[in-house]
Amino acid sequence: MKARTLASLGLLLAVLAEACSVGLLGLSGWFIAASAVAGASAYSAFSYLAPSGGVRAFALGRIATGYANRVVLHAAAQRRISAARLAVYDQAARSEGTAWSGQSLDRVMADADTTGMALMQATAPVVVAAVMTVGGCVAIVFAGYPLAALTLAAAVIACAVLAVASARRMDDTTRTRGLLRTELVTAVEAWPEMASLGATDQLAHRTLQRLAAFESRRNRHAATTAHALGGTRAVTATALLLTVLLTARSGATIATVVFVGLLTAGVMANAERLVTAASVWVQSRQAEAHLAPVGEDETRRPEVAPTFRATYDGRRLAVSGYLLPETPTRDAREIAFAVSAGETLVITGPSGSGKTTLVTAIATALRRQPGPAVVTAVLADDYLFTGTVADNLRLANPTASDADVTDLLTAMALHRAGVEPQTTIGVGGRNLSGGEQRRLHLARALATQPDVLLIDEPTTGLDTATARQVLPAVRRRLPRAVLVVAMHEPAVDTQSLGPHWTTVSVE
């Protein structure tokens, strides 16, 4: 079924389920009161068959429609979440010049979940409350008590106004929560350095201030919601009292008074849910606002010239038409080069000269090229996923055995640092040092057995002795691969680059 059809069916079932609940409440109350009155009379012709059948019908209807409502609405919400997530993935795929981070993707996934669940947590309660209000008022009018119906309608409107007012006072806390999380992670990582500077008191004070500000905002939101809920409950109590009094003053029987009172209570119970629904609705609108410009706040890489071409035919990598823009230290110029299988190309240049942009452009162009060639890039912003070292390596090669994983760790000299297949990574690789993260990135790239391997700053975070082992190990494991390495300058020990290597400067 289409997502909209599924959502409409779910809302219809939600209305029917609540109608059965309210009907069961009102009819059973009337039935009990009418039976009591009939039992107190000496001669009563009261028949319990029809109302008792109605009670059973409402009870069975509530069970059936309630279950179906939850199943269908949940399925519709999941489809909305999937559609929102796929839209984010499509945007990420189109934004090839954008450097996406794991944190930004986590954030937009949470926003997608919020927008999808709004169907169950905001739309459904509002629709149910509106239909129940109309139905309840119509039933009371047909029973002959229009003033009671008018009172009920006014009470529901008052609850809706309180819900909207409380929701409008709530600001966006999702970004504040994300900034606070980043602040705490940074404080933990910076603690040893701040301790060496004797500045831990200042760091602790700053962190506590941020925590206090966040807690203050959360308390304000909680207080606003509590006040709104208290107001709706006061309105509910007042409406219940007034409808009962108005019905009783109109000469209604005890059973009818009970019916109107319980019907009012059932309708007002739905009106009270509008406070939570309004809050969720505001959060979903904020999430949609976050998703609309998704990717615009990420780091934007310069676009390459339309004449740029990068191809790999199984024997060599050919790059042509790449335009280096003009900078204060160089003139604009076009570069081209070719690297045969088994050879190494070193792209050199100072920081900011465009080495990473060139490596990324080559990787993107080669991945668009049809064919069986495996192209792997190890970039500066590569991401390690939560789990173990083996989990991360098996993302590249699901069939890798424990022996294969250990062999890769040994090749990258990670075993000497105590890194084993079952070593936990932590969020974003936090449990590993910068050099260990870099070598794990390289090990994961080697696990793919690529035909073309592009590495941006392979020795970042590595001491000289370890750096001298890493590049030779890469070349030994990939003797026929094209290897493109971006570095500030060629390694002092040029033998680590293999017997066949050349350089291209982007300075």
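**Chat about helices, cores and cysteines**

Biologist: Hi! Is Cys137 buried or exposed?

Modeller: Cys137 is buried, at a relative accessible area of 13%. Buried stands for under 20% relative accessible area, exposed for over 50% and partly exposed for in between, with a 1.4 Å probe and protein chains only. Bear in mind that this is a predicted model, where local features need pLDDT of at least 70 and side-chain atom pairs count only at pLDDT 80 or more, while totals for chains, interfaces and linings use all residues. Residues are numbered from 1 along each chain as its sequence is written, and side-chain values use heavy atoms, leaving out hydrogens and water.

Biologist: And Cys159, buried or exposed?

Modeller: Buried too: Cys159 has a relative accessible area of 0%.

Biologist: On to helices. At what angle do H4 and H6 cross?

Modeller: At roughly 175 degrees, and the axes of H4 (residues 146-168) and H6 (residues 200-249) come within 9 Å. H4 is therefore roughly antiparallel to H6, a label for angles over 145 degrees; under 35 is roughly parallel, 65 to 115 roughly perpendicular and the rest oblique. Axes are lines fitted to C-alpha atoms, for helices over the stretch in contact, and angles run from 0 to 180 degrees between N-to-C directions. Helices are DSSP runs (H or I, at least four residues), as are strands (E, at least two), numbered from the N terminus.

Biologist: Which residues make the contact?

Modeller: Among them are Leu152, Cys159 and Leu162 of H4, and Ala228, Val235 and Leu242 of H6. Contact means heavy atoms within 4.5 Å.

Biologist: New topic: which residues have the most contacts inside the largest nonpolar core?

Modeller: Leu393, Met412, Leu440, Leu453 and Val474, in a core of 35 residues. Such a core is a set of buried Ala, Val, Leu, Ile, Met, Phe, Trp, Tyr and Cys residues joined through side-chain atoms within 4.5 Å. Elements giving two or more residues to this core include H12 (434-447), E8 (452-456) and H13 (464-477). H12 supplies the largest share, six residues.

Biologist: What does Val474 touch?

Modeller: Met412, Leu446, Leu453 and Leu483, not counting residues up to four places away in sequence. There is also a second, separate core of 32 residues, including Val22 and Val267.

Biologist: Last one: where is Leu25 placed?

Modeller: In helix H1 (residues 3-40). Leu25 is partly exposed, at 33% relative accessibility, and is in contact with Leu262 and Gly266, leaving aside neighbours within four places in sequence.
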